[in-house]
Amino acid sequence: MKTQIEVVQVDITTLKVDVIVNAANSSLLGGGGVDGAIHRAAGPELVQECRLLGGCETGQAKITKGYQLSAPYVIHTVGPVWRGGFNNEAMMLESCYQNSLKLALENNVKSIAFPAISCGIYGYPIDQAAAIAIQTVQSFLRQNDTFEKVIFACFGEVVYQTYLKILEP
Ligand code: AR6
């Protein structure tokens with residue numbers, strides 16, 4: 001695999017990559033957490049474009065421009081709410097990563113950054129979510145080796161260490 005996978009402790013809104021992924025909700029109209037941070041940094045034009053998208057189902061992804069962000073594009077995906085782990089959460093989380101990467105590929109994106117989707121307000125346990133994130137990205141890259149860089153943007157030490165432990169055991 002020639003794609004570089006990086007784990008960085010960083011505010012995702014500051015990254016200079018082709019696309020950052022947003023952990024949105026199904027309205028796509030903004031919220032707290034990383035979603036709020038992305039909308040604040042992108043400026044009001046982002047929600048204007050999002051209003052035209054008609055929302056997004058859990059596990060799916062939609063793309064917009066990045067406006068005031070350094071990243072020219074944002075992929076909005078909706079992670080599952082953690083309800084104990086027996087309600088299709090893992091499959092839904094996997095779909096978020098797969099559909100985001102697919103959309104990135106269709107838009108000729110070379111570098112992409114993911115937050116830890118579902119691991120804040122939606123309550124997904126970080127160790128399980130990070131394993132799914134890494135496995136899904138690695139398996140996608142084995143089939144589509146067109147990206148130069150995939151960044152896992154970690155907010156906080158615990159998230160950062162969890163990713164590192166899985167990638168470099
Ligand atoms: N950069 C990178 N990661 C961040 C940032 C940031 N600037 N801010 C927070 N995180 P969350 P969810 C991390 O809650 O669990 C919103 O209201 C955060 O520490 O943003 O998918 C939406 O509108 C955590 O590790 O997203 C939805 O309603 C990870 O990003 C709901 O929250 C995800 O936390 C989605 O919840």
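**Helix H5**

I started with helix H5, residues 157–167, and looked up which of its residues are buried. Val159, Thr162, Tyr163 and Leu164 turned out to be buried. I kept in mind that this is a predicted model.

Next I asked myself: what do the buried residues of H5 pack against? I found two strands on the list, E1 (4–9) and E6 (149–154). Two helices are there as well, H3 (89–106) and H4 (126–143).

**The fold as a whole**

I then stepped back and checked the secondary structure. The protein chain has five helices and six strands. Reading along the sequence, I noted the pattern β-β-α-α-β-β-α-β-α-β-α. I also looked up the radius of gyration, which is 14 Å, close to the 15 Å that the globule rule gives for 169 residues, so the protein chain is as compact as a globular protein of that length. For the extent of the C-alpha trace along its principal axes, I wrote down about 45 × 35 × 30 Å.

**Contacts and burial**

Of the 169 residues, 46% are buried.

**Surface and charge**

For charges, I have 12 positive and 15 negative in my notes. How far apart are their mean positions? I got 3 Å.

How values were computed: Residues are numbered from 1 along each chain as its sequence is written. This is a predicted model: local features need pLDDT of at least 70, side-chain atom pairs count only at pLDDT 80 or more; totals for chains, interfaces and linings use all residues. Side-chain values use heavy atoms; hydrogens and water are left out. Helices (H or I, at least four residues) and strands (E, at least two) are DSSP runs, numbered from the N terminus. The radius of gyration is taken over C-alpha atoms; the globule rule is 2.2 Å times the number of residues to the power 0.38. Buried means under 20% relative accessible area, exposed over 50%, partly exposed in between (1.4 Å probe, protein chains only). Lys and Arg count as positive and Asp and Glu as negative; His and the chain ends are not counted. The place of a charge is taken as NZ of Lys, CZ of Arg, CG of Asp or CD of Glu. Contact means heavy atoms within 4.5 Å.
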